Every structure is written in C-alpha cells, then in structure tokens.
Amino acid sequence: MKSAPKIGLLFGSFNPIHTGHLILAHFMATHTDLDAVWLVVSPQSPFKVGQEMLGEQERFDMVSLAIQHNDRLRALDIEFAMPKPSYTIDTLDELHRRYPDHSFVLLMGEDNLPGLPRWKQADRILAEYAVYVYPRPGVDATDVNAHPGVQVVEAPLLDISATFIRDCVHTGKSIRYLVPEAVEAQILEKGFWR
C-alpha cells in the first residue's frame with residue numbers, strides 16, 4: 001500500500017518570488033523526506049497588513065513561471081478565496097479537507113519561530129502538523145527543538161530579500177540572478193515596482 005504523499009508547505013507573499021525561495025523549496029523537496037513542496041501564495045498575511053503588495057494574481061503568476069519546469073514544486077492559490085487576512089491553521093484545515101490522503105508539513109524560517117505562539121491556534125498547529133525549520137541569517141533559534149514536532153533542517157543559508165529586489169527595480173538596478181529569468185522578464189515587461 002502506497003503511503004500518503006508528504007507535502008511541505010512554504011507560505012509567503014512572494015512579492016516577488018526570488019532565487020532564495022526557489023533554492024529553499026527545491027532543497028526541502030529533494031533533501032528531506034518530503035515528496036514535494038507547495039508554495040502557498042498568501043494574498044494578505046496578518047503580520048503584513050499595510051505593506052504595499054503587488055496583486056495576488058500577479059504574484060501567483062510569477063511563482064508559477066518560476067517553477068514551471070520543476071515537477072517537485074507547485075504553486076497554490078488556495079488562500080485567494082478564503083477570508084482575509086489568511087491564517088495558517090485555516091489554510092491547513094482547507095488543504096486537509098481537499099487532500100485527505102496527503103500529509104502536510106509546515107516549512108518555517110527560524111526567524112518566524114519565536115512568533116509562532118502568537119499565531120491563531122498555534123497549539124493545534126504544533127499538535128497536528130510537523131514543522132521543519134530552516135536557518136535564517138542572523139538568527140539563533142536555540143530552543144528550536146523544544147517541541148517534538150519541530151525539526152531543524154540544515155538548508156543553505158540565503159540572505160536574499162524581496163524588499164531588496166523591489167528596491168533594485170525601483171532604482172533601476174539589475175535583478176539578474178536574484179530572480180529567475182522568466183520572473184525578471186515579467187517584472188520588466190509589466191513595469192512592477194517602477
């Protein structure tokens with residue numbers, strides 16, 4: 001009997017998706033026990049209210065472009081039809097309803113881990129789902145293994161930010177290699193962040 005597919009969920013605004021996201025997602029899909037990683041494009045994070053955000057469809061389209069040739073990665077727009085702001089536990093419940101034969105793992109940067117107790121129904125997340133934590137520059141999550149469901153994955157440490165990329169675009173500087181070629185072409189063609 002085939003075991004349930006084990007899917008890592010990488011949530012983000014992806015404003016825009018960049019090489020750091022892609023290296024991390026592919027690493028998690030190929031260097032851990034995960035079968036695939038789904039990139040969940042969040043229309044509105046409760047922690048990013050008020051930030052200037054490109055439209056959800058434009059961000060989803062760029063994620064889709066970025067991963068179009070990688071069968072271990074998938075873009076998800078599941079939160080677009082859900083109430084906003086998006087809460088991880090609500091999305092997990094909806095994914096479980098849609099894919100009852102799948103097992104889901106939450107992928108999280110160690111910079112987000114200290115804030116996890118403030119998340120909606122954080123206790124349920126930790127009780128019902130595994131959390132794979134990846135390193136982030138300048139963060140030392142010493143108590144990361146305090147919960148049995150939390151596991152540290154020694155993924156590559158990448159210090160690329162969407163804010164830096166948007167600033168580069170805004171000031172007319174090159175973003176080559178910071179984002180995939182297809183994403184760069186989309187940003188320049190559509191005039192995003194000019």
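**Exercise 1. Find what share of the contacts in the protein between residues at least 6 apart in sequence join residues at least 24 apart, and then describe the overall size of the protein.**

Step 1. Among contacts in the protein (contact means heavy atoms within 4.5 Å) between residues at least 6 apart in sequence, 69% join residues at least 24 apart.

Step 2. Before going on, note that this is a predicted model, in which local features need pLDDT of at least 70 and side-chain atom pairs count only at pLDDT 80 or more, while totals for chains, interfaces and linings use all residues. Residues are numbered from 1 along each chain as its sequence is written, and side-chain values use heavy atoms, with hydrogens and water left out.

Step 3. For 194 residues, a compact globule would have a radius of gyration near 16 Å, and the protein, at 16 Å, agrees with this; the radius is taken over C-alpha atoms, and the globule rule is 2.2 Å times the number of residues to the power 0.38.

Step 4. Taken along the principal axes, the box filled by the C-alpha atoms is roughly 50 × 35 × 35 Å. Of the 194 residues, 49% are buried, where buried means under 20% relative accessible area, exposed means over 50%, and partly exposed lies in between (1.4 Å probe, protein chains only).

**Exercise 2. Work out in which order the strands of the open sheet lie, and which of them are the edge strands.**

Step 1. Begin with the elements: the protein has 6 helices and 6 strands, where helices (H or I, at least four residues) and strands (E, at least two) are DSSP runs numbered from the N terminus. Read from the N terminus on, the elements follow the pattern β-α-β-α-β-α-β-α-β-β-α-α.

Step 2. Strands of a sheet pair through backbone hydrogen bonds, in a parallel or an antiparallel way. Here two strands count as paired if DSSP finds at least two bridges between them.

Step 3. Strand β1 (residues 6-12) pairs with β2 in the parallel sense over 6 bridges, and within this pair L9 stands opposite W38 of β2. On β2 there is also parallel pairing with strand β3 (residues 73-76), over 4 bridges, where V40 has L76 as its bridge partner.

Step 4. The open sheet of 6 strands has the order β3-β2-β1-β4-β5-β6, with parallel pairing. Its edge strands are β3 and β6 (150-152), each of which pairs on one side only, and the twist averages 30° from one strand to the next.

**Exercise 3. Explain why strand β2 is described as largely enclosed by the rest of the structure, and say which helices lie on the sheet.**

Step 1. In strand β2 (residues 36-41), 6 of the 6 residues are buried, so the strand is largely enclosed by the rest of the structure.

Step 2. The side chains can be sorted by direction: A36, W38 and V40 point one way from β2, V37, L39 and V41 point the other way, and all are buried.

Step 3. Helix α1 (residues 19-31) forms a right-handed β-α-β unit with β1 and β2; right-handed means that, with the strands pointing away from the viewer, the path from the first strand over the helix to the second runs clockwise. This helix α1 lies across β1, β2, β3, β4 (103-109) and β5 (130-134), and runs at about 145° to β2 (axes are lines fitted to C-alpha atoms, for helices over the stretch in contact, and angles run from 0 to 180 degrees between N-to-C directions).

Step 4. Helix α3 (residues 88-98) also packs on the sheet, where it touches β1, β2, β3 and β4, and its direction makes about 145° with that of β1. The buried residues of α3 are T88, I89, T91, L92, E94 and L95, and what covers them includes β1, β2, β3, β4 and α4 (122-128).
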